[in-house]
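I opened a new notebook page for this protein. I wanted to look things up one at a time and write down what I found.

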Amino acid sequence: MNVTLRIALCWLALGGTALAAGGDHADPAKDAAMRALATRDAPKEISAQEFVAKEPAKTGYCANIADAAADARFAWQKEQLAVMERQVEERIKLLEEKRAEYEAWLKRRNEFLAKADESVVAVYAKMRPDAAALQLANMPDEAAAALLTKLNARTASAILSEMEAARAAGLARAMSESGRKDATAPAVKKNQRS
């Protein structure tokens with residue numbers, strides 16, 4: 001006996017007993033059997049390769065336009081790449097403008113700092129050595145040494161002579177180390193302090 005016929009008979013038998021019992025409730029067995037029949041008898045989707053193998057006459061059109069479709073896809077991709085390239089070029093242009101703006105700002109800042117340094121050096125050059133020594137004693141070593149190196153030798157020596165000996169010796173050492181060109185001087189300085 002055919003499987004479909006058996007399932008149909010089972011369904012009728014189950015449906016008949018449910019009706020005889022007076023129940024309008026859905027029967028789970030009936031629902032399961034109906035789903036199994038629907039799944040089995042449902043048309044199956046075939047892949048593109050199977051379709052081409054079974055229907056060569058219908059696929060002739062697809063084969064004829066495959067090159068044109070590929071060309072259209074490549075043209076679209078080329079257009080998309082051109083759009084992205086323009087966007088990247090615009091962003092590069094904006095970044096270059098920002099970089100130029102930053103460099104101009106940095107140049108103005110450095111010029112201002114150089115002028116400020118010159119004015120500070122001029123102020124210390126005109127101060128009395130004892131007053132300048134008191135102020136430099138409270139400055140960090142690097143700043144005080146940088147300031148003393150920019151002063152003329154006579155003024156710097158007068159200021160150092162007014163300082164306490166240990167502080168003056170430290171500043172003189174910092175001044176001499178700042179004149180070195182080798183890269184090991186800062187590393188040696190750090191090791192001495194630690």
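My entries follow, from the whole chain down to single residues.

**Entry 1: the model**

I noted first that this is a predicted model. I kept that in mind for every entry below.

**Entry 2: the overall fold**

How many helices and strands does the protein have? I found nine helices and zero strands. Read along the sequence, the pattern is α-α-α-α-α-α-α-α-α.

I then looked up burial. Of the 194 residues, 14% count as buried. The protein exposes about 15500 Å². Carbon and sulfur atoms supply 60% of that area.

I also checked contacts along the chain. I took contacts between residues at least 6 apart in sequence. Of these, 55% join residues at least 24 apart.

I searched the whole structure for salt bridges and got four. I started with Arg-99.

Which residues form salt bridges with Arg-99? One is Glu-96, at 2.8 Å from N to O. Another is Glu-103, where the closest N and O atoms are 2.7 Å apart.

Side chains of opposite charge can pair when their charged atoms come close.

Next I looked at the spacing. Glu-96 and Arg-99 are three residues apart in helix 4, so about one helical turn separates them. Arg-99 and Glu-103 are four residues apart in helix 4, and again the separation is about one helical turn. I wrote the general rule beside this. An α-helix has 3.6 residues a turn, so residues three or four places apart point the same way.

**Entry 3: a salt bridge at Asp-130**

I moved along the chain. Asp-130 forms a salt bridge with Arg-128. Their closest N and O atoms are 3.3 Å apart. Asp-130 counts as partly exposed, at 33% relative accessibility. Arg-128 counts as exposed, at 57%.

**Entry 4: a nonpolar patch**

I went back to helix 4, which covers residues 56-126. Trp-105 is found there. Which residues form a nonpolar patch on the surface? They are Tyr-102, Trp-105 and Leu-106. Together they have about 310 Å² of accessible area. Trp-105 has a relative accessible area of 43%, so it is partly exposed.

I looked up helix 5, residues 129-137. Its buried residues are Ala-132, Ala-133 and Leu-136. These residues cover an arc of only 105 degrees around the axis, so they are on the same side of helix 5.

Then I turned to helix 6, residues 141-150. Here Ala-144, Ala-145, Leu-147 and Leu-148 are buried. Seen down the axis, these buried residues fall within an arc of 160 degrees, so they line one face of helix 6.

**Entry 5: Arg-167**

I found Arg-167 in helix 8, which covers residues 165-178. Is Arg-167 buried or exposed? It counts as buried, because its relative accessibility is 17% and buried means under 20%.

I looked up its partners next. A polar contact of 2.2 Å joins the side chains of Arg-167 and Asp-141. I then left aside neighbours within four places in sequence. Arg-167 is in contact with Leu-136, Ala-137, Met-139, Pro-140, Asp-141 and Ala-144. Two names were already on my page. Leu-136 is among the buried residues of helix 5, and Ala-144 is one of the buried residues of helix 6.

**Entry 6: Thr-155**

At 16% relative accessibility, Thr-155 counts as buried.

What does the side chain of Thr-155 make a polar contact with? The partner is the side chain of Asn-152, at 2.7 Å. I then left out residues up to four places away in sequence. Thr-155 touches Tyr-124 and Ala-125.

Definitions and conventions
Residues numbered from 1 in each chain as written. Predicted model: local features only at pLDDT ≥ 70, side-chain atom pairs only at ≥ 80, totals over all residues. Heavy atoms only, no water. Buried < 20%, exposed > 50% of the residue type's maximum accessible area, 1.4 Å probe, protein only. Polar contact = N/O pair within 3.5 Å; in protein donor to acceptor, adjacent residues only side chain to side chain. Contact = heavy atoms within 4.5 Å. Helix = DSSP H or I, 4+ residues; strand = E, 2+ residues; numbered from the N terminus. Arc of directions from axis to C-beta. Areas by Shrake-Rupley, 256 points an atom, 1.4 Å probe, with all protein chains shown as cover. Patch = residues over 30% accessible without salt bridge, like charges linked within 9 Å, V, L, I, M, F, W, Y side chains within 5 Å. Salt bridge = Lys/Arg side-chain N within 4 Å of Asp/Glu carboxyl O.
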